[in-house]
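Please read it alongside the sequence and the coordinates shown here.

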Amino acid sequence: MASTTHWLAPEEQSAWHGFIRMQARLTGRLARELQNETGLSAGDYAVLVALTDAPGGRLRVLELARAVEWEKSRLSHRIGRMAGRGLVKRVECEGDARGAFVVLTEDGRRAIERAAPGHVATVRRLALSALSPEEIRMLGHISERILDRLEGDSRATGDATSDGVDGTRRAGRPVL
């Protein structure tokens, strides 16, 4: 049986492997520096960013899971730990016994406000300062094209994930 796989050309493979290595190293480094400087994990930060972006600092659990693109069980564990530290609280939905909101607390708001400036500086130092303004625009354009492809693929496969609660990507969010 002949293979119908359309293998990556050498240039494609090199670009893809470089992207994967860069993404893994950058994500790991950002997470370590965030943890060391603020005591927040990358997961804590992602949840706080999503809640900060939400009207009233609150999202239904399923909406928050979509916003951070996590499984509900992973999110439930994270929310439990964050609630124990006073960063968020879980509030039952009136009229929907099965539903619950995750709500940003004042301590959570202060934590993200303290963490964001240093995290932005780290993003700038490790990634953005290595690029020209044109390369930053190109990075944004490439990212949007891939996100659009992922969004279209999600709709086609029934995978309901997106950056925003209403299915749209958000501009001006704190840096993840």
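Helices (H or I, at least four residues) and strands (E, at least two) are DSSP runs, numbered from the N terminus. On that basis the protein has six helices and three strands, and from the N terminus on its elements run α-α-β-α-α-β-β-α-α. This is a predicted model, in which local features need pLDDT of at least 70 and side-chain atom pairs count only at pLDDT 80 or more, while totals for chains, interfaces and linings use all residues. Residues are numbered from 1 along each chain as its sequence is written, and side-chain values use heavy atoms, with hydrogens and water left out.

Burial is described by relative accessible area, where buried means under 20%, exposed over 50% and partly exposed in between (1.4 Å probe, protein chains only). Buried residues make up 28% of the 176 residues in the protein. Contact, used throughout, means heavy atoms within 4.5 Å; among contacts between residues at least 6 apart in sequence, 59% join residues at least 24 apart.

| Helix | Length | Span, first to last C-alpha | Expected span |
|---|---|---|---|
| α1 | 29 residues | 41 Å | 42 Å |
| α2 | 12 residues | 16 Å | 16 Å |
| α4 | 13 residues | 18 Å | 18 Å |

**Helix α1**

In α1, the residues L30, E33 and L34 are buried, and what covers the buried residues of this helix includes α2 and α5 (106-126). E33, which lies in helix α1 (residues 10-38), counts as buried because its relative accessibility is 13%. Leaving aside its neighbours within four places in sequence, E33 is in contact with T122, R125 and L126. T27 is also found in helix α1, but T27 is partly exposed, with a relative accessible area of 43%. T27 and A42 are 15 residues apart in sequence, and their C-alpha atoms are 8.8 Å apart in space. The helix is followed by G39, whose phi is positive, near 80°.

**Helices α2 and α3**

Helix α2 is mostly covered, since nine of its 12 residues are buried; the buried residues are G43, D44, Y45, A46, V47, L48, V49, A50 and L51. Helix α2 (residues 42-53) packs with helix α3 (residues 61-68) at an angle of about 115°, with their axes 10 Å apart. Here the axes are lines fitted to C-alpha atoms, for helices over the stretch in contact, and angles run from 0 to 180 degrees between N-to-C directions. At this packing, A46, V47, A50 and L51 in α2 meet L64, A67 and V68 in α3. The residues of the contact of α2 with α3 divide into seven nonpolar, no polar and no charged, where Ala, Val, Leu, Ile, Met, Phe, Trp, Tyr, Cys and Pro count as nonpolar, Asp, Glu, Lys and Arg as charged, and the others, Gly among them, as polar.

E69 lies in the loop between α3 and α4, and phi of E69 is near 55°, a positive value in a residue other than glycine. Most residues other than glycine have a negative phi.

Helix α4 (residues 72-84) has L75, R78, I79 and M82 as its buried residues. Seen down the axis of α4, these buried residues fall within an arc of 105°, so they line one face of the helix; the arc is that of the directions from the helix axis to the C-beta atoms. An α-helix has 3.6 residues a turn, so residues three or four places apart point the same way. The face of α4 turned away from its buried side carries the exposed residues H77 and G84. Helix α4 is followed by G86, whose phi is positive, near 80°.

**Helix α6**

I136 has its place in helix α6 (residues 133-157). With a relative accessible area of 35%, I136 is partly exposed. Leaving aside its neighbours within four places in sequence, I136 is in contact with L128 and L131.

Technical notes
The expected span of a helix is 1.5 Å times one less than its number of residues.
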